Amino acid sequence: MPFYLKVSYNGKSANVKLDADKIFIGRSSTCQIKLKDPLISNCHCLITIVDNHLVIKDLESTNGMLVNGKNTQETKLYIGDIINIGKTSLQLISKDMTPEQTFIHTNKNTQIKTQIAEISFPRMNKEKIEKAKKNSKIEPVTIRLPDDDEN
């Protein structure tokens, strides 16, 4: 099921497809989604995809993370949710989803009977984060927004 993040920074934006089980976001070149925002930690947060449901977890970042305006350590994500890390905004969007799929992943308060995996994350130290990155099956991608200045 195709989920995307609309990444917005400094008035520019780009869509990034989420297509792996573990997606690290941060400034480090080892992250799958690398962002240039100086207020973002090297490995700021992790998005995990399980049974087509997403969970985001802050990885003990310096400046934290907001989901829909609330300071959050870990939460499930739904279509339309807005994640703020540093001065960067990430919005979960979908493309090519059926109306039924969109409905299930948009409505937080409905009693839809679906298999939603409950995920429990232990605290991850830097060694575990690096090991998890090495085991990730996708290549790192540097997000370059239109007219991005090279510094």
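This is a predicted model: local features need pLDDT of at least 70, side-chain atom pairs count only at pLDDT 80 or more; totals for chains, interfaces and linings use all residues.

Biologist: What makes the link between the side chains of threonine 88 and aspartate 37 a polar contact?

Modeller: The two side chains are joined at 2.9 Å. A polar contact is a pair of N or O atoms within 3.5 Å; within protein, one must be able to donate a hydrogen and the other to accept it, and residues adjacent in sequence count only if both atoms are side-chain atoms. Threonine 88 and aspartate 37 are joined by such a contact.

Biologist: And which residues does threonine 88 touch?

Modeller: Setting aside residues up to four places away in sequence, threonine 88 touches Val7, Ser8, Tyr9, Leu35, Asp37, Ile40 and Ile83. Contact means heavy atoms within 4.5 Å. Threonine 88 itself is found in strand β11, residues 88-94.

Biologist: How do you know what counts as a strand or a helix in the protein chain?

Modeller: Both are DSSP runs, numbered from the N terminus: helices are H or I with at least four residues, strands are E with at least two. By that count the protein chain has two helices and 12 strands.

Biologist: What makes β1 and β2 a pair?

Modeller: Two strands pair if DSSP finds at least two bridges between them. Strand β1 (residues 3-9) and strand β2 (residues 12-18) are joined by seven bridges and run antiparallel. Within this pairing, leucine 5 stands opposite valine 16. The hairpin has two residues between the strands, and asparagine 10 takes a positive phi near 55° there.

Biologist: Why are β2 and β8 said to stand at the edges?

Modeller: The open sheet of six strands has the order β2-β1-β11-β10-β7-β8, with antiparallel pairing. β2 and β8 (70-71) each have a single partner strand, so one side of each is left without a neighbour in the sheet.

Biologist: How do you know whether isoleucine 23 is buried or exposed?

Modeller: Its relative accessible area is 2%, so isoleucine 23 is buried. Isoleucine 23 is found in strand β3 (residues 22-26). Its C-alpha atom is separated by 5.1 Å from that of isoleucine 47, 24 residues apart along the chain.

Biologist: Finally, what makes a group of residues a nonpolar core?

Modeller: A nonpolar core is a set of buried Ala, Val, Leu, Ile, Met, Phe, Trp, Tyr and Cys residues joined through side-chain atoms within 4.5 Å. The largest one has 24 residues, and those with the most contacts inside it are Leu5, Leu18, Ile25, Ile47, Ile83 and Ile85. A second, separate core of five residues includes Phe24, Cys31, Cys43 and Leu59.

Methods. Residues are numbered from 1 along each chain as its sequence is written. Side-chain values use heavy atoms; hydrogens and water are left out. Buried means under 20% relative accessible area, exposed over 50%, partly exposed in between (1.4 Å probe, protein chains only).
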